[in-house]
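The following note concerns the ligand site and the sheet of the model shown below.

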Amino acid sequence: MSAQIIDGNALSASIREQLAQRSAALAARGVTPCLAVILAGEDAASAVYVRNKVAACEKAGMRSIRDVYAADVKPETVLARIEALNADPAVHGILVQLPLPKQFDAAAVLEAIAPEKDVDGFHAENVGALMQGTPRFIPCTPYGVMKMLESRGVKLKGAEVVIVGRSNIVGKPMAMLLLAQSATVTVCHSQTRDLAFHTRRADVLVAAVGRARMITGDMIKPGATVIDVGINRGEDGKLCGDVDFASAKEVAGLITPVPGGVGPMTITMLLANTIEAAERAARGE
Ligand code: NDP
């Protein structure tokens, strides 16, 4: 058996077409959706993510602002900049690229972003709204995963869903979204006793760990949907996911590749959240 691929690039392209139309409708009303991205420090992967986000905005006809600070920047400098962006009506979305250098209290920085411009959905107020089932912004990576599942009509009601990873940016919001769709959700982590016991009974398996190819075919239920959020460098130096694609695709029913899976969807949903923020601002909300 060989799994069908859920192609994140193709799905992204079709969603971005719809977003471009919404962006054009806003432009016709004199509003250009604008995302401000703040990067502090010299983390190479973060610099690439920021570049990709800015490039995606420009391609979608949106405006972007990129503020880059040295690794030893004072937190007050960044907080003052966030305050200015909060007050600027031409800016609709603000994103601080994580991780931040060690002198920062990351939670305090995220709390400084105005909740209505928090397009990553990491502000405590927005996390709370998601938890209550009334999200203002859905965090981009889990949002992208939900779109991928929806695009293939994957049944979630009553399904056994297993998420590996419990981070605030992927695992936990993912669990909330799947729970809201009436899936039975299990969240595994580094202290889970028998990981394979859980993964093997998953109708839908979401891997968000950050360990190259750790989920192998023998850990997957035949016919399962496998979503690979991980972005890692394998020993061969190539980009790979948390799932061992070669063995997993022989067992799974549907599977996302890395690269070309969840990654492009994350950026697409960031654009979606920014356009949503601009539309709300244009409506005076
Ligand atoms: P974190 O490091 O914050 O979280 C990793 C999670 O995996 C933790 O909950 C950890 O458990 C768990 N874990 C670690 N080792 C094991 C193990 N052996 N068995 C079971 N669980 C384990 O990572 P993120 O959530 O930020 O990211 C996860 C991956 O997704 C990374 O590869 C990252 O690069 C990628 N990513 C991809 C995105 C995309 O757009 N495709 C966007 C965001 C992230 P514990 O809590 O106990 O430590």
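1. A polar contact is taken here as a pair of N or O atoms within 3.5 Å; within protein, one must be able to donate a hydrogen and the other to accept it, and residues adjacent in sequence count only if both atoms are side-chain atoms. On the ligand, a nitrogen atom lies 3.2 Å from a polar backbone atom of V229, and a nitrogen atom is 3.4 Å from a polar backbone atom of H189. An oxygen atom of the ligand is 2.7 Å from a polar side-chain atom of R166.

2. The model is predicted: local features need pLDDT of at least 70, side-chain atom pairs count only at pLDDT 80 or more, and totals for chains, interfaces and linings use all residues. Residues are numbered from 1 along each chain as its sequence is written, and side-chain values use heavy atoms, with hydrogens and water left out.

3. Six strands form an open sheet in the order β1-β11-β8-β7-β5-β6, with parallel pairing (at least two DSSP bridges between two strands). Because β1 (4-5) and β6 (184-188) are at the edges with a single partner strand each, one side of each has no neighbour in the sheet.

4. Strand β5 (residues 160-164) pairs with β6 in the parallel sense over five bridges, and E160 stands opposite T184 in β6.

Technical notes
Helix = DSSP H or I, 4+ residues; strand = E, 2+ residues; numbered from the N terminus.
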